[in-house]
Amino acid sequence: MGLVTPVDPVGLSELGRVHFTGIGGAGMSGIARIMLARGVAVSGSDSARSDMLTGLAALGAQVHVGHAAANLGDADTIVVSTAIRESNPELAEARRRGLRVLHRAAALASIMLGKRGIAVAGTHGKTTSTSMLTTVLRECGADPSYVIGGILAGTGLGADEGSGDIFVAEADESDGSFLMLSPEAAIVTCVEADHLDNYPGLAEIEAAFAAFTRRIRPGGLLVACADDPGAAALAAAVRAAAPQAVASGALPIRVRSYGESADADYRVSGVTTRGMAVSLDVSGSADGPLGNDGLFNNGGVRVDIGVPGRHNALNAAAVFAVAAELGFPAGQIANGLAAYRGALRRLELKGEADGVRVLDSYAHHPTEVTADLRAARDIAEGGRVIVVFQPHLFSRTRIFATALGEALGLADEVLVLDVYAAREDPEPGVSGELVASRVPGGRARYLPDPTGVAGAVAATGKPGDLVLTMGAGDVTALGPLIVAALRARAGADG
């Protein structure tokens, strides 16, 4: 895969006709959608038909199913993601013709030109925080443009062109492409080891995030989690660099922190989980920059959000901090967070049958799995938690097998599928069994054939149980099948 090389953004007027290879992906389709809204001629291809392709065609894109050199037509620019290999016939043809080749993040930077960009970064929590921020700004009347690496439940879209001057974007650190963005404000939720197929180790990931903060415009804003050691260290480094910026005649970056830590500028307390919802108080620290500025009434603001998990309380605090720093009233921000209804695949309820609820989660890293399983315990309210987990990438499975097994140990029963390869080739000895064997207590079964999963869950699930399909691959397709199997069971019992 490898890290991409950052390039300066190119204005839309210079791109000509744009072709997207892999246009059906969440990030690619969103950029294409906004280009279409701005009058850019767009074509694209993907390996299979989907609602996303149908929607883009309805907006005026010329779409193709399957990849072929002829799909380029008279394109001037081709947009690709890191998942597209050099052997792809469309990319190979573009190289042969000498067309401009843009990475997805470079195309994102192009559509952000002229806007007040807010980039949401971090090894976990990006999609949810980006979705929450978009919802809050929409509820506050800012009507932002946005590109999210998922689907916002409130709009049914992963991207849209707004009439306001703010552009909210999820920033991807996995391949270093977030270094192509130059936002006015940025959120960093956490910094820890991940994407070790690209980065040699944590030190290199930390260096990439440090470089990302240097991309924030002079006088801009960094909001970082005080509870995460990596994000807190990043914020401290940016604060320490402020005198040097002033000495050189530049405006320093404004740094704000959030979290349950006592020294957080936006302090979180009173977190209460209630099934599929969570509440929290947000207040200014006594000695922080917000101490007595009148932003908070009676020392704090109560925030209620309709998504589960303590980790989402922190995501909400990050969004609260950014919106408050942009000047929006605390009450409006709280109302905006209350209006948030989640993003698809983020503990998304897929259905309930015969007393068993089925949720779907994108979690694929040990930290994410742990957070979602703790939330699942709250949702289950004493019922068992059954997980259907699909490891993502052979490299991640090899590196994190033990940690994934330990995280999955928070469930009562685990069914582990085979590895979703995505952009990687198989590795000898690396399979889902590697993870299943590391779940403590013998509570995991390795099921390489997904066709047996729905029946297996229906055979073991009891009323009051919660089933969670989990992973970044196609495991999401199993949720409706499990619900159907549970319904069939209920009918047979009746």
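User: Which residue forms a salt bridge with Arg-377, and how far apart are the closest N and O atoms?
Analyst: Arg-377 pairs with Asp-412, and their closest N and O atoms are 2.9 Å apart. A salt bridge here is a side-chain nitrogen of Lys or Arg within 4 Å of a carboxyl oxygen of Asp or Glu. The pair links distant parts of the chain, 35 residues apart: Arg-377 belongs to helix 11 (residues 366–380), and Asp-412 to the loop between helix 12 (394–408) and strand 19 (413–416). Helices (H or I, at least four residues) and strands (E, at least two) are DSSP runs, numbered from the N terminus.

User: What kind of model is this, and what pLDDT do local features need?
Analyst: This is a predicted model, in which local features need pLDDT of at least 70 and side-chain atom pairs count only at pLDDT 80 or more, while totals for chains, interfaces and linings use all residues. Residues are numbered from 1 along each chain as its sequence is written, and side-chain values use heavy atoms, with hydrogens and water left out.

User: How many salt bridges does the count come to?
Analyst: The count comes to 24 salt bridges. Among them is the one between the side chains of Arg-345 and Asp-360, at 2.6 Å from N to O. Here too, distant parts of the chain are linked, 15 residues apart: Arg-345 sits in the loop between helix 10 (330–338) and strand 16 (346–353), and Asp-360 in strand 17 (residues 356–361). Both Arg-345 and Asp-360 are buried.

User: What about Arg-384; which side chain does it meet in a salt bridge?
Analyst: The side chain of Arg-384 meets that of Glu-413, at 3.8 Å from N to O. Arg-384 is in the loop between helix 11 and strand 18 (385–389) and Glu-413 is in strand 19, so this pair ties together parts 29 residues apart in sequence. Arg-384 is partly exposed, with a relative accessible area of 24%, whereas Glu-413 counts as buried at 13%.

User: Now the overall fold. How many helices and strands does the chain have?
Analyst: The protein chain has 15 helices and 21 strands. Its radius of gyration is 23 Å, close to the 23 Å that the globule rule gives for 494 residues, so the chain is as compact as a globular protein of that length. The radius is taken over C-alpha atoms, and the rule is 2.2 Å times the number of residues to the power 0.38. Along its principal axes the C-alpha trace spans about 70 × 65 × 40 Å.

User: What share of the residues is buried?
Analyst: Of the 494 residues, 56% count as buried. As for contacts (heavy atoms within 4.5 Å), residues 24 or more positions apart account for 69% of those with a separation of 6 or more.

User: Which residues does Gly-259 touch?
Analyst: Leaving out residues up to four places away in sequence, Gly-259 touches Asp-227, Ala-264, Tyr-266, Arg-267, Val-268 and Leu-314. The C-alpha atoms of Gly-259 and Leu-314 are separated by 6.1 Å, although the two are 55 residues apart along the chain. Gly-259 lies in strand 12 (residues 254–259) and counts as buried, at 0% relative accessibility.

User: And the backbone: what is phi of Asp-143?
Analyst: Phi of Asp-143 is near 45°, a positive value in a residue other than glycine. Asp-143 is found in the loop between helix 5 (126–139) and strand 7 (145–152), and is partly exposed with a relative accessible area of 29%.

User: Where does Asp-354 lie?
Analyst: Asp-354 lies in the loop between strand 16 and strand 17. Its phi is near 50°, a positive value in a residue other than glycine. Asp-354 is partly exposed, with a relative accessible area of 29%.

Terms used
Buried < 20%, exposed > 50% of the residue type's maximum accessible area, 1.4 Å probe, protein only.
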